[in-house]
Amino acid sequence: MSVSTASAARPHSADQVEAFHLKQRRRRNFMENFASARFLLPIMVVFIVVILIPFLQSLVFSFTDYSGYNFADAKFVGFTNYVQCFKDPTLLSGLGFTLLYTVTTTVLITVIALPLAVVLNRKFFGRNFARSLFFFFSVPSMAVLGLVWQYIFSPLKSGVVNTLLAKIGIDAVPWLSNSGLAKFCVIFVAVWAQIGWHATLYLAYLQAIPADIYEQAAVDGANRRQQFFNITLPQMVPAMGVSVFMLLTGGLKVYDLPYGLTSGGPGYSTYTVTQSIILTGIGSSRYGLGSALGVIFFICCALLVALQQVITNLVEKRLS
């Protein structure tokens, strides 16, 4: 009886065998997906509660004149807040400087950090000290660095830089009281502070490249410049993608360094979008306008990051 039952449970034809294995694979895939879902569930809950719900609330607020007190009293105003964002010079200044800061720091840090990592990867006396020194720049918080460099770049004669310039007969320079110089100072400090960290990131990827490749290239007659462009650079594209992505996202949401260094001045020349959202939405109790600016900012961030991903993929395919 048991033999006949077992033989009846087994598939006989090729179609039955294929259907049996397909059913087993589906069951196995379902169990694997279920196990993965259990690990993803806490992350999804945090994402929904912390990111998705607040974003949807901001989207709703952006079409109202909500003041932050009682949403039941808010009135629907359509796209009035969005139109106001493009008319308010303060908000436009914050958006413009944020984009300028993000693009400039990303380009400069990438251009400087990658060759710096190549140099730090070579053997020379004091290499470990040099690595630690460059990495140390990124250890203090940006808010602290802003306060320190505020004293260094002080437009008064007592400022560190102006004191040094006075010793060689140069008058005091209005570093933080001139709009153009203030932008330069913010970008300079940001580049100075982040080069070491991103050079360390590139250095980690460089050390993963087999030394045999460089030895073979040297035997074939390739010099250091040819090795850099034909071996190092293609191997570093994934690292550049990670670094550029972090620089873009960090630059777009920057707040602490410009606020600590210039407080957004002089005027609104170094205002950032984050500072504008905080002062407009919370400080002035115009949550609708601040939410509209936040939505516009989110769209700009999404477009810029998407463009970065496309460019990175194109460069990777071209160099691979």
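Student: Is the crossing in which α6 passes α8 left-handed or right-handed?

Tutor: This is a predicted model, in which local features need pLDDT of at least 70 and side-chain atom pairs count only at pLDDT 80 or more, while totals for chains, interfaces and linings use all residues. Residues are numbered from 1 along each chain as its sequence is written, and side-chain values use heavy atoms, with hydrogens and water left out. A crossing is left-handed if the near helix is turned anticlockwise from the far one by less than a right angle, and right-handed if clockwise. The way α6 passes α8 is right-handed.

Student: Which term describes the orientation of α6 to α8?

Tutor: Helices are DSSP runs of H or I with at least four residues, and strands are runs of E with at least two, numbered from the N terminus. The axes of α6 (residues 142–152) and α8 come within 11 Å and cross at roughly 130°; axes are lines fitted to C-alpha atoms, for helices over the stretch in contact, with angles from 0 to 180 degrees between N-to-C directions. Angles under 35 degrees count as roughly parallel, over 145 as roughly antiparallel, 65 to 115 as roughly perpendicular and the rest as oblique. The orientation of α6 to α8 is therefore oblique.

Student: Which residues of α6 make the contact with α8?

Tutor: Contact means heavy atoms within 4.5 Å. On the α8 side, the contact is made by Phe188, Val189, Trp192, Ala193 and Gln194. On the α6 side, the residues are Met142, Leu145 and Trp149.

Student: How is α8 oriented to α11?

Tutor: Helix α8 spans residues 179–206 and helix α11 spans residues 237–252. Their axes come within 9 Å and cross at roughly 155°. Therefore α8 is, relative to α11, roughly antiparallel.

Student: How many residues in the contact of α8 with α11 are nonpolar?

Tutor: Among the residues making this contact are Trp197 and Leu201 of α8 and Met246 and Leu247 of α11. Ala, Val, Leu, Ile, Met, Phe, Trp, Tyr, Cys and Pro count as nonpolar, Asp, Glu, Lys and Arg as charged, and the others, Gly among them, as polar. The contact has 3 polar residues and no charged ones, and the nonpolar residues number 10.
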